[in-house]
Amino acid sequence: MEGKKEGEYDVFGWFKTHVLDSKLETGIEHQELCSLLSLGGKVKDSHISLLINAGILTRQLIDPNMYWFAIPNIGSLLKGLVQTLQLTDRTVYIGKVIKERKEIISLLSRRRYKEMMLASLEKKHLRMSPLDMRFHLRDLIGSGHLRTDQTPTGLIIRVSKD
């Protein structure tokens, strides 16, 4: 019984290695999720259920074949952070995130086609951010400021035309 449970938890490693490292979007289709997870081993419905129950995936209400990526217990974490920070500190933090957003958008806007390969962009370092570039890219993609397109050479990040 213990070996079976141990094998069930392998899905978390597969998820980290094959899904998170290859997806920048905020959601994923069931078929693509199964395809990426199968790179690590044989995927069962119980593996998907385990990811949902752990809070890593949330099923979309509109389309049951789509999942949102989630961060388990983020609500309580954010609530704790907000309670410990004073108003001026929150303003500074939000101001830094906005500055980092502007820095990335400015970097892309200066390029001829307002786009850049993901691999090249991830190697760039932001001036004042202690957070990884991937955090800011996912933030901008999720907020609709940037979009991704698959090309034969890899993912391209583009400024959205809004």
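Start by selecting Lys114, which sits in the loop between helix 6 and strand 4 (115–117). Helices here (H or I, at least four residues) and strands (E, at least two) are DSSP runs, numbered from the N terminus. You are looking at a predicted model, where local features need pLDDT of at least 70, side-chain atom pairs count only at pLDDT 80 or more, and totals for chains, interfaces and linings use all residues. Residues are numbered from 1 along each chain as its sequence is written, and side-chain values use heavy atoms, with hydrogens and water left out.

Stay on Lys114 for a moment and check its backbone. Most residues other than glycine have a negative phi. Lys114 is not a glycine, yet its phi is positive, about 55°. Its relative accessible area of 40% makes Lys114 partly exposed; buried means under 20%, exposed over 50%, and partly exposed in between (1.4 Å probe, protein chains only).

**Next, Leu108**

Which residues does Leu108 touch? Not counting residues up to four places away in sequence, Leu108 meets Lys114, Glu115, Met116, Leu121, Leu146, Ile157 and Val159. Contact means heavy atoms within 4.5 Å.

Now widen the selection to the largest nonpolar core, which has 16 residues. Such a core is a set of buried Ala, Val, Leu, Ile, Met, Phe, Trp, Tyr and Cys residues joined through side-chain atoms within 4.5 Å. The residues with the most contacts inside it are Ile104, Leu108, Leu121, Leu137, Leu146 and Ile157. At least two core residues come from each of helix 6 (87–109), helix 7 (118–123), helix 8 (133–143) and strand 6 (154–159). Helix 8 gives the most, with four residues. Another core lies apart from this one; it has 14 residues, including Trp14, Phe15, Ile56 and Leu57.

**Then Glu122**

Select Glu122 in helix 7. With a relative accessible area of 26%, Glu122 is partly exposed. Leaving aside neighbours within four places in sequence, Glu122 is in contact with Met133, Arg134 and Leu137. Draw a distance from Glu122 to Leu137: their C-alpha atoms are 8.6 Å apart, although 15 residues separate the two along the chain.

**On to helix 2**

Show helix 2 (residues 10–20) together with helix 4 (residues 45–53): their axes come within 10 Å and cross at roughly 75°. Axes are lines fitted to C-alpha atoms, for helices over the stretch in contact, and angles run from 0 to 180 degrees between N-to-C directions. Helix 2 is therefore roughly perpendicular to helix 4, a label for angles of 65 to 115 degrees. Helix 2 contributes Val11, Phe12, Trp14 and Phe15 to the contact, and helix 4 contributes His47, Leu50 and Leu51. By class, these are six nonpolar, one polar and no charged residues. Ala, Val, Leu, Ile, Met, Phe, Trp, Tyr, Cys and Pro count as nonpolar, Asp, Glu, Lys and Arg as charged, and the others, Gly among them, as polar.

**Last stop: Tyr9 and Phe12**

The structure holds two aromatic pairs. In one of them, the rings of Tyr9 and Phe12 have centres 6.3 Å apart and planes at 20°, so the pair is stacked. Rings of Phe, Tyr and Trp (its six-membered ring) pair if their centres lie within 6.5 Å; planes under 30 degrees apart count as stacked, over 60 as edge-to-face and the rest as tilted. Tyr9, at 46% relative accessibility, is partly exposed, and Phe12, at 27%, counts as partly exposed too.

Key. Parallel < 35°, antiparallel > 145°, perpendicular 65-115°, else oblique.
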